[in-house]
Amino acid sequence: MTSSPTILCLLFVFFYSTLFFHVVVSSGGQCLSDQQSLLLQFKNTLIFNATISKSLVRWNQSSDCCTWEGISCEKGRVTGLKLSDESISGGINDNSTLFNLRYLQSLDLSNFKSSTIPSRIGNLINLRYLNFSGVFGGQIPQEISHLKKLLILDLSDGLFYDLYDWFSRDHVLEIPNLRMVVQNLTKLEELYLDGVNISAPGNEWGQAISSSLPNLRVLSLFECGLSGPIHHSLAKLQHLSVLDLSYNYRLSSPVPRFFGNFSNLTSLRLAGCGLHGTFPKEMFQVPTLRILDISFNRFLEGSLPEFPPHSDLQILDIRYKNFKGRLPSSIGNLRQLTHLHLSNCLFSGPLPKSIAKLTQLVYLDLSFNQFVGPIPSFYMAKNLEGIDLSGNRLSGPIPSKHLEGLLNLRYIDLHNNSFHGNIPSSLFTLPLLKWIELSHNQFSGQVLEFPNPPSSMLESIDLSSNKLQGPIPMSIFKLRTLYSLSLSSNMFNGTIHFDSFQSLTSLDYLDLSYSNISVNVSGNGSNIPFLPKLRFLRLRSCNLRKFPEIIKNQAELRNLDLSNNQIYGEIPNWIWKVGNGSLYSLNLSHNQLVGIQEPYSLCYIEFLDLSFNQIHGKIPILPPQIFHVDLSSNSFTSSIPSDIGKNLFWTSYFSLANNGLLGVIPKSICNARYLQVLDLSNNNLSGKIPTCMLATNRTTGVNLRMNNLSGPIPDLFPVDCSLKTLDLNGNLLSKTIPKSLANCKALEDLDLGNNQMLDTFPMLLKNISSLRVLILQSNKFYGQITCTESIGNWPMIQIVDIASNNFSGELPGKCLTKWHKMIVTQLDHRILDSSAMAPPNFQIEDAVSITNKGLEMQMLKIASNGFTYIDFSSNKFHGEIPKEFGQLISLHGLNLSNNVLSGQIPSSFGNMRQLESLDLSRNHLSGRIPASLSSLSFLGFLNLSHNQLHGRIPGSQIQLFPADRFQGNQGLCGLPVTLKCPGDVLPETRKANHSISGNNEIEWNLISAEIGFIVGFGTVIGPLVFLKRWRKWYFDRVEDIAFSILPQKLLRKWLSWKTGTRSGVHVGGRRAS
């Protein structure tokens, strides 16, 4: 009987639990059989991964469909279906049972891989929420307009976030007619069409949205191919809270001011829209705005306003645009700001201290502006994860307290500034910090040891290009997670053993170049790589004298740079097997290497630089995939192998310059289809230039100067010629300049000097506006030069040298006014050689031979340094010197010597304030030397000899030049030719009344200097001579100074030499009082 109450209790619990279950199920409704059947049929048409699936894998006939994952019901009818992230593949067509679930109110098939959206989607007329994002391609059916109850529609293309998938897919989602799709969706509140191709002009898509969607709160049209301008009808969307039109590059529109009238606006994203004009300042002050992103609009201008107190702004992104001015101190009012991105603008001035008030900051990016002054304090921004102030003009020390307490900081980038002082050691102790970038500053002193390095999370440290001293702290060698370390270009001292790095097992990149340390690379002979993940090793100028055998077993090494050391002997053949034979970049330049140990195989080498050594013998056999070869400045004396081109198919840079190579240029060189730079200069090559060598449209630089090449230049420059530099100086080339050279519209540097070419001035170059250097000196060119037919439009020209030819006629004065680079005061210093003669990151020195300051000289990178020069000497030019020369205010050198020029020297020459060299010798110039020449303060060379000049040589500066620079002008007088001119009266014969006759004038500048000297000298010496008290005080002070700075032994000798020692004076101390 005791069990009866227990049984009754159990029956009672069972009854009520059953009743409770019935009530719960009934509230959602037990799944109706037809609904469950439709869902299971839908499942059977899908292909999915059962091991990943969380929903579909659990759908079965034995359970109630309203309890399935991803299903929601009302009264047994399916009203919600969510199958996002189920890795489903396979299409949904119009026969799918999905479209029979007519009670559906919410459908989420995002990230579903299908083809097109079936037109039967219009059957689901009860839908309030539809999410097909990242699913379909093809056209969006107009039947979507039947879904009149929709509140949220998301058809955005998720693949635009994945670059690989974006390029790999064969179709995108499109809306040919936006109006037809949205015309009935009047209740819609949120519309997401990101990545969908709409490609409609501004009035079309703007009016379609504003007229059909009056209740819209969210409009997201990221990267939809929209065109502008932004239509004013969008002002009707007064409920708009979120607007994203980012990366519609063709909007090309000003920012509409009516955006500021959206009273509910919380997020405005207009990045990369091609916006222009001035950004309305009132947009920064919209009280509800939390996100403002107008980045990557290069032509959008503006400045930051004064920010109101209590602003809700959280994200402010205005990167890459023409915003300028100062950062207002009111930026401290943005107390809710988490992201501040102002990089790559034109902001200037100091950073306001009020930045310290931005306590919610997570990311701060002010890089690449013109900010100056000290770094503000960040210690109150405890949430800060990233700081980027690189590429500014910030200066001063970095106090440790400014960075204290930043326990969430992940990276700090301060490179390319002028910070100085010590690097705070506390920086290395921040617990979550992974990246320290402090390169290219003025940091000095010693990098101190820091505590507990094994627990640090540091992954990258770059302290290169500073003035750091002392030893490298051993703490760095204990950072277990470090994968990149650059300490190059510093002033460290001592020797570092390579074994010190063995704890850095994650190290991928190591650069110790030019750090003033010696690296001991002796190993322990182990076959186990001590840095198993090292791929990049750069030890330039590390006092190495032999190859580091410790790298033999570095299985992952791909890039090795041992240049600028004192390594001597042969290149060992094991070097090519480093990295398991996968070494692709090897730089051994600027050493003392003499050969390559055989047998060798360059295997997978793609970049090879052996320049500036003493390697002799045959040119090494190159691998077929190599793209950069520099064997210049060695002692190769053989001929170039006839089949060398077979392995140069992919090569973009090939240099054998400055060797002793003989023979001809092999025709196989034309196999180098992708060759951009070819440099065979300064050898003994002979024969003709292969006709095919200049016919490629990829070549940007050819340098064959200083060889013995003969014959004509091949007339095969392609129509789409890319050539920027052509240097054939110092050969035996003949005939004319090829007409097809006019196809090279990008030509910058043309040097045909010192050949045997017979032609008129190259009028075919008149339309090449990029031309910077033209050298035709020492050939047989002839004829006149006229602006209307030849050199009228060279705005970039900096060097024109046509000396030692047979040109005649008058100098082309009108042309000079169009040579803008010689007229402007600020020259473009873009490097000529780096763009024309070498691929990115590699440069070769382009030499130009000119006669400057009376000397034949070879100058390097003249155009890149802003040098400007004109040489028309040793021709047959006649007539007067054009006054237009005076407009060339940036000209550095002018040589018109050895012609038949007549008339006077133009007084406008005084305007050429940058002029350093002027040679007008051996002409028929007459008249006086213009007094304006005396104002040329940079003039270091002047030659006016052998003309018909007369009168006084003006100015004290011109009178300092040697007399031979004025010889052959019988009428010149005055220094340095003669002491005086006729009629001058010497100073000692002048009359007491100071009368002046003829050309004699009082030199008041000399007189004033003499009077000043006499007055100053008398002021100091007079009291010493006539006042005993002053004299005593003066010598006492001199003795005091002597006692404080001179050595005691010297003072003893001085005191013993003196007669009458003064009382109270002791060596090493001051006089007793």
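Buried means under 20% relative accessible area, exposed over 50%, and partly exposed in between, with a 1.4 Å probe and protein chains only. This is a predicted model, where local features need pLDDT of at least 70, side-chain atom pairs count only at pLDDT 80 or more, and totals for chains, interfaces and linings use all residues. Residues are numbered from 1 along each chain as its sequence is written, and side-chain values use heavy atoms, with hydrogens and water left out.

Q: Why is cysteine 31 called buried?
A: Its relative accessibility is 12%, and the cut-off for buried is under 20%, so cysteine 31 counts as buried.

Q: What makes cysteine 31 and cysteine 65 a disulfide?
A: The rule asks for a pair of cysteine sulfur atoms within 2.5 Å. Here the S to S distance is 1.6 Å, so the pair passes. In general terms, a disulfide is a covalent bond between the sulfur atoms of two cysteines. The structure holds 5 disulfides.

Q: Why is the disulfide of cysteine 31 and cysteine 65 called right-handed?
A: Look at the torsion about the S-S bond: it's about 80°, so the disulfide is right-handed.

Q: What makes this a tie between parts that are 34 residues apart in sequence?
A: Cysteine 31 sits in the loop between helix H1 (3–28) and helix H2 (33–44), while cysteine 65 sits in the loop between strand E1 (47–48) and strand E2 (71–74). Helices (H or I, at least four residues) and strands (E, at least two) are DSSP runs, numbered from the N terminus.

Q: How do you know whether cysteine 65 is buried or exposed?
A: Its relative accessible area is 0%, so cysteine 65 is buried.

Q: What makes cysteine 721 and cysteine 744 a linked pair?
A: A disulfide joins them, with S to S at 2.2 Å. The torsion about their S-S bond is about 85°, so this disulfide is right-handed. The pair links distant parts of the chain, 23 residues apart: cysteine 721 is in the loop between strand E49 (708–711) and strand E50 (725–727), and cysteine 744 is in the loop between strand E51 (732–735) and strand E52 (749–751).

Q: Why do cysteine 721 and cysteine 744 get the label they do, buried or exposed?
A: Cysteine 721 has a relative accessible area of 10%, so it's buried. Cysteine 744 comes in at 0%, so it counts as buried.

Q: How do you know that cysteine 973 and cysteine 981 form a disulfide?
A: Their sulfur atoms are 1.9 Å apart. The link is right-handed, with 95° about the S-S bond, and both cysteines are buried.
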